[in-house]
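Subject: Structure handover and what was found in it

Dear colleague,

I am passing on the structure below, and after it you will find notes on what turned up in it. Please read them with the model open beside you.

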Amino acid sequence: PGLAVVPTIIGSILLIGAGLFGPTPVSHALSLRPVVLTGKMSYSIYLYHWPALALATYWLGRAPDAVEAAGLVSATLVLAALSWILVEQKLTRQLGLYGMAPTALLGRTVTVSAVFCLMAAVGIAGHGWAQRLDAPAYNVFHAASSDNPLRESCDGYDLAFRNEQFCNFGRRRGDGESYDMAIFGDSNADHFVPMIAKLAEAGGLSGRQVTQSKCAVLIGADRVRDTASATETCARYQAVVLEFLERNPGLKLAVLSSAWWGYGTLKPNRIANRPEDRTLSFAEVAAYTVNLFRQRGIEVLILGQIPHLETFSMHCFVEAARRDTEENDCATPLSVVDQALNVSQTAFRVIDDTDRDISFISMRDLFCTQTICSAFKDEVFLYRNTGHLNGIGSAYLARYVTLPEIEHR
């Protein structure tokens with residue numbers, strides 16, 4: 001927790017210190033038997049409460065509500081009491097740990113710790129003992145844990161002109177050449193990189209990731225609700241995007257993607273040549289951004305936002321895969337998705353109609369039927385969390401997406 005824990009530490013020190021010089025009301029309260037017992041069991045409570053909360057969250061696909069949390073806390077206290085009685089007290093007495101010489105105790109502690117470390121190492125090497133899972137469960141968990149392999153080295157405005165050996169995809173560009181294509185946007189652009197990279201490779205195009213998490217590629221504007229720090233980060237990213245275009249005059253295709261639904265009400269930032277005392281509509285900023293690329297002769301491919309899932313329940317996804325009901329189970333109603341994506345979908349369809357060198361691909365149409373939007377495509381699990389693709393799912397979507405035909409050099 002970092003510095004957030006400092007007040008708790010200071011408070012604990014003061015509570016202990018207050019009782020060093022004689023009884024106080026606080027020391028009397030802390031001496032009550034239920035409080036003392038809770039203190040004795042505190043380490044067991046600490047050990048059990050996180051697994052209980054984590055497993056419940058995985059099972060439910062959401063954070064437990066108040067009633068469920070109360071039940072989990074009660075179960076934690078029961079487990080902690082059993083652990084304290086049967087392990088901390090009984091086992092330590094049976095092993096004679098209380099009267100053991102320090103050197104012998106240290107030797108046993110090291111041995112037990114080594115055994116647990118070895119078990120952990122085997123688990124890590126075996127990717128969590130994957131053999132414990134049946135094929136449908138393994139496929140879901142394996143896909144969900146995959147990611148864009150370029151993300152760590154390439155996502156961030158300060159990385160746009162670094163890590164050349166990692167952040168490009170498709171064919172290797174020659175010295176002094178411009179990239180043929182680049183993908184711009186926030187983490188939603190980042191999660192499309194495996195798909196775009198596969199298409200670039202097939203088309204013989206040189207490509208580059210130029211993304212910044214939490215910053216849409218909407219030049220000259222930021223969300224009204226953003227903090228000053230977030231606004232500055234996104235302004236720097238947008239400046240980097242424009243610099244990238246200047247450094248790559250031969251760029252032929254720009255792929256734009258972001259979590260478009262989060263940018264409904266916008267404000268000008270320091271990149272914009274607009275009055276700063278008014279809000280901006282999504283449609284006008286999107287059109288302005290696309291026009292910046294088109295003025296440079298760059299074709300534009302806009303990727304619509306993927307539907308956000310209402311819940312992310314690995315239990316539900318695995319059971320759906322086992323029953324072969326992936327397309328229907330754990331799905332999100334289309335009405336919910338349309339309500340979230342309506343503004344961006346409408347704006348991009350209008351932009352798409354204005355210029356034949358602008359293409360818009362609706363992920364809503366790709367992911368949804370007439371009533372629901374699924375987390376699966378052809379039995380392949382697509383998501384990493386409620387709003388992002390996993391690496392395997394992103395790469396799989398390449399079979400459903402076509403890049404515009406461009407002349408590359």
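Before the helices are compared, a word on how they are described: axes are lines fitted to C-alpha atoms, for helices over the stretch in contact, and angles run from 0 to 180 degrees between N-to-C directions. Helices (H or I, at least four residues) and strands (E, at least two) are DSSP runs, numbered from the N terminus. Please bear in mind that this is a predicted model, in which local features need pLDDT of at least 70 and side-chain atom pairs count only at pLDDT 80 or more, while totals for chains, interfaces and linings use all residues. Residues are numbered from 1 along each chain as its sequence is written, and side-chain values use heavy atoms, with hydrogens and water left out.

Two pairs of helices

Two packed helices are described by the angle between their axes and the distance between the axes. For helix H4 (residues 42–60) and helix H5 (residues 66–94), the axes come within 8 Å and cross at roughly 140°. That makes H4 oblique to H5, given that angles under 35 degrees count as roughly parallel, over 145 as roughly antiparallel, 65 to 115 as roughly perpendicular and the rest as oblique. The crossing of H4 and H5 is right-handed; a crossing is left-handed if the near helix is turned anticlockwise from the far one by less than a right angle, and right-handed if clockwise. On the H4 side the contact (heavy atoms within 4.5 Å) is made by residues including Tyr48, Ala52 and Leu60, and on the H5 side by residues including Leu72, Ala80 and Trp84. Sorted by class, the residues of this contact of H4 with H5 are 11 nonpolar, four polar and two charged, where Ala, Val, Leu, Ile, Met, Phe, Trp, Tyr, Cys and Pro count as nonpolar, Asp, Glu, Lys and Arg as charged, and the others, Gly among them, as polar.

The second pair is helix H13 (residues 282–294) and helix H15 (residues 334–354), whose axes come within 10 Å and cross at roughly 40°. That makes H13 oblique to H15, and their crossing is right-handed. Phe282, Ala283, Ala286, Ala287 and Val290 of H13 meet Val343, Ser344, Ala347, Phe348 and Ile351 of H15, and by class this contact of H13 with H15 holds nine nonpolar residues, one polar and no charged ones.

The sheet of three strands

An open sheet of three strands has the order S4-S6-S7, with antiparallel pairing, where two strands pair if DSSP finds at least two bridges between them. Its edge strands are S4 and S7, each of which pairs on one side only. Helix H12 packs on this sheet and touches S4 and S6, its direction making about 150° with that of S4. Strand S4 (residues 221–223) and S6 are joined over three bridges, with Asp222 standing opposite Lys267 in S6. On the other pairing, S6 and strand S7 (residues 280–281) are joined over two bridges, and Leu266 stands opposite Leu280 in S7.

In a regular strand the side chains alternate between the two faces of the sheet.

Thr231 touches Asp222, Asp226, Lys267 and Asn269, not counting residues up to four places away in sequence. The C-alpha atoms of Thr231 and Pro268 are separated by 9.7 Å, although the two residues are 37 residues apart along the chain.

The sheet of six strands

A second open sheet, of six strands, has the order S1-S3-S2-S5-S8-S10, with mixed pairing. Its edge strands are strand S1 (168–170) and strand S10 (358–361), each pairing on one side only, and neighbouring strands are turned by 20° against each other on average, direction ignored. Within this sheet, strand S2 (residues 181–185) and strand S3 (residues 206–211) run parallel and are joined by five bridges, Ala182 having Arg208 in S3 as its bridge partner.
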